[in-house]
Amino acid sequence: MINGILTDIAKDELGNYLDSVDWYTKLSSVGSFGKVIFKVSSLGTLSPNNYKIDRAPKTKKHQIINNPDITEFQGRQLIRVSLGIKLIYSLTNIERARGRLTEYINEGHHFPLVLSGKKIGNNTFILTKYSEKVTKTDRIGTPLVVELDVSFEEYIEKINNPKELKCSKKE
């Protein structure tokens, strides 16, 4: 009987320890953006409830009189990602999450964006907007449930391998 009680206490302590260790937090994460970790654990939840990734070509239309337009492929557009997040007071620190997102907007930080355990694209992303909707408060107005809509755009500082422009001289 004493062994059973000690085993239960050890399991609880081990669980608490594992939840507090950084590498375990990263293993339980479903994604991240900078210090904002999207995760599901016994101590909290900050998990995207849906997300959308937009990828599109960049094209140019050239108008020709009495003919259909000619379309020219010019590469690709920047990748855009949008997602919704529900913050629940009993599961996560709402003020800390809002503060981090506000800091990223105000200071223009860019980080790799990871969703479903996979990095999106080859470049970093910048937070372009986030809006929040408080859906439940307590008696004094403290937010208990906040729904966030967050948008990111691929951030490219410089082109590493520009394709060489071929110029031909008319003679």
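What follows is a friendly chat about a predicted protein model.

User: Hi! What kind of model is this, and how are residues numbered?

Analyst: This is a predicted model, where local features need pLDDT of at least 70, side-chain atom pairs count only at pLDDT 80 or more, and totals for chains, interfaces and linings use all residues. Residues are numbered from 1 along each chain as its sequence is written, and side-chain values use heavy atoms, with hydrogens and water left out.

User: What does the pLDDT average for the protein chain?

Analyst: The average is 77, and 70% of the residues score at least 70. pLDDT is the predictor's confidence in each residue, from 0 to 100. Over residues 1-27 the pLDDT is below 50, and beyond near neighbours in sequence that stretch has eight contacts in the model. A contact means heavy atoms within 4.5 Å. Where pLDDT is low, the predicted coordinates should not be read in detail.

User: Okay. How many helices and strands are there?

Analyst: The protein chain has three helices and twelve strands. Both are DSSP runs numbered from the N terminus: helices are H or I with at least four residues, strands are E with at least two.

User: And how much of the chain is buried?

Analyst: Of its 171 residues, 23% count as buried. Buried means under 20% relative accessible area, exposed means over 50%, and partly exposed is in between, using a 1.4 Å probe and protein chains only.

User: Which residues have the most contacts inside the largest nonpolar core?

Analyst: Those are V81, L113, F125, L148, V150 and F152, in a core of 22 residues. At least two core residues come from each of β2 (36-40), β7 (80-88), α3 (94-107), β9 (113-115), β11 (124-137) and β12 (143-155). A nonpolar core is a set of buried Ala, Val, Leu, Ile, Met, Phe, Trp, Tyr and Cys residues joined through side-chain atoms within 4.5 Å.

User: What does F125 touch?

Analyst: Leaving aside neighbours within four places in sequence, F125 is in contact with several residues, including F33, V81, H110, L113 and F152. F125 also has F111 standing opposite, with F125 sitting in β11. Strands β8 and β11 pair in the antiparallel sense over two bridges. Two strands pair if DSSP finds at least two bridges between them.

User: What about β12, which strands is it joined to?

Analyst: Twelve bridges join β11 to β12, and those strands run antiparallel. Nine bridges join β7 to β12, also antiparallel. As examples, V134 has V146 of β12 as its bridge partner, T124 has Y155 of β12, and K86 stands opposite E147 in β12.

User: What sits between β11 and β12?

Analyst: They form a hairpin with five residues between them, and G141 in the turn has a positive phi of about 95°. Elsewhere, N66 has a positive phi of about 60° although it is not a glycine. N66 lies in the loop between β5 (57-62) and β6 (70-76), and counts as exposed because its relative accessibility is 77%.

User: Switching topic: how many aromatic pairs turn up?

Analyst: A search of the whole structure finds four. Rings of Phe, Tyr and Trp (its six-membered ring) pair if their centres lie within 6.5 Å; planes under 30 degrees apart count as stacked, over 60 as edge-to-face and the rest as tilted.

User: Where do F33 and F111 lie?

Analyst: F33 lies in strand β1 (residues 29-33) and F111 in strand β8, so the pair ties together parts that are 78 residues apart in sequence. F33 counts as buried at 1% relative accessibility, while F111 counts as partly exposed at 22%. F33, Y104, F111 and F152 form one aromatic cluster.

User: Last one: is H110 buried, partly exposed or exposed?

Analyst: H110 counts as partly exposed, because its relative accessibility is 25%. H110 lies in strand β8 (residues 110-111). The side chain of H110 makes a polar contact with the side chain of T124, at 3.0 Å. A polar contact is a pair of N or O atoms within 3.5 Å; within protein, one must be able to donate a hydrogen and the other to accept it, and residues adjacent in sequence count only if both atoms are side-chain atoms.
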